Amino acid sequence: MSNPCIKCGKQRIDGKSWKEKSGISFIFYTNTICPDAACQKLLDQETAARIAKNELMLKHKAEAKLAREKLLAVS
């Protein structure tokens, strides 16, 4: 199965594998990484920035909801 890097196109490799127990079953995880360390570092930075942006948007959404609820409670 082909799994190219989204940045450079090189074939990704297995970086870390682990298993977790869920009920009576085991779930196997494999984290794939780019073989080019510089490319992987850029991907990690982009992913961290995307996660931070999503968390900030969720925080703003929750604050806006609270503000609307307070406004409705006052009315």
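Colleague: How does Cys-8 count at 35% relative accessibility: buried, partly exposed or exposed?

Modeller: Please keep in mind that this is a predicted model. Cys-8 counts as partly exposed, because its relative accessibility of 35% falls between the cut-offs of 20% and 50%.

Colleague: And how does Cys-5 count, buried or exposed?

Modeller: Cys-5 counts as buried, since its relative accessibility is 5%.

Colleague: How many disulfides does a search of the whole structure find?

Modeller: The search finds zero disulfides. Cys-5 takes part in none, and the nearest cysteine sulfur, in Cys-39, lies 3.5 Å away.

Colleague: Let us turn to the helix. What span should H1 have, and how far apart are its end C-alpha atoms?

Modeller: Helix H1 covers residues 37-74, which is 38 residues. At 1.5 Å a residue it should span 56 Å, and its end C-alpha atoms are 55 Å apart, so the two values agree.

Colleague: Which residues of H1 are buried?

Modeller: Cys-39, Gln-40 and Leu-43 are buried in H1. Strand E2, residues 25-33, is included in what covers the buried residues of this helix.

Colleague: What is Gln-40 in contact with, leaving aside its neighbours within four places in sequence?

Modeller: Gln-40 is in contact with Arg-12, Ile-33 and Cys-34. The relative accessible area of Gln-40 is 12%, so this residue counts as buried.

Colleague: What about the end of the helix: is Val-74 buried or exposed?

Modeller: Val-74, which is found in helix H1, counts as exposed at 73% relative accessibility. Val-74 and Lys-19 are 51 Å apart in space, C-alpha to C-alpha, and 55 residues apart in sequence.

Colleague: A new topic, then. How many salt bridges does the structure hold?

Modeller: The structure holds two salt bridges. In one of them, the side chains of Lys-7 and Glu-46 meet at 2.8 Å, N to O. Lys-7 lies in the segment before strand E1 (13-22) and Glu-46 in helix H1, so this pair ties together parts that are 39 residues apart in sequence. Lys-7 is partly exposed at 44% relative accessibility, and Glu-46 is partly exposed at 35%.

Colleague: Which side chains meet in a salt bridge at 3.8 Å?

Modeller: Those are the side chains of Asp-36 and Lys-10, with the distance taken from N to O. Asp-36 is in the loop between E2 and H1 and Lys-10 is in the segment before E1, so the pair links distant parts of the chain, 26 residues apart. Asp-36 has a relative accessibility of 28% and counts as partly exposed. Lys-10 is partly exposed too, with a relative accessible area of 41%.

Colleague: One last point. Which residues make the nonpolar surface patch of about 240 Å²?

Modeller: Trp-18, Ile-27 and Tyr-29 make that patch. Tyr-29 lies in strand E2, and this residue counts as partly exposed at 32% relative accessibility.

Terms used. Residues are numbered from 1 along each chain as its sequence is written. This is a predicted model: local features need pLDDT of at least 70, side-chain atom pairs count only at pLDDT 80 or more; totals for chains, interfaces and linings use all residues. Side-chain values use heavy atoms; hydrogens and water are left out. A disulfide is a pair of cysteine sulfur atoms within 2.5 Å. Buried means under 20% relative accessible area, exposed over 50%, partly exposed in between (1.4 Å probe, protein chains only). Helices (H or I, at least four residues) and strands (E, at least two) are DSSP runs, numbered from the N terminus. The expected span of a helix is 1.5 Å times one less than its number of residues. Contact means heavy atoms within 4.5 Å. Patches are made of residues with over 30% relative accessible area and no salt bridge: like charges are joined within 9 Å, nonpolar side chains (Val, Leu, Ile, Met, Phe, Trp, Tyr) within 5 Å. Accessible areas come from the Shrake-Rupley method with a 1.4 Å probe; for residues, only the protein chains shown count as cover. A salt bridge is a side-chain nitrogen of Lys or Arg within 4 Å of a carboxyl oxygen of Asp or Glu.
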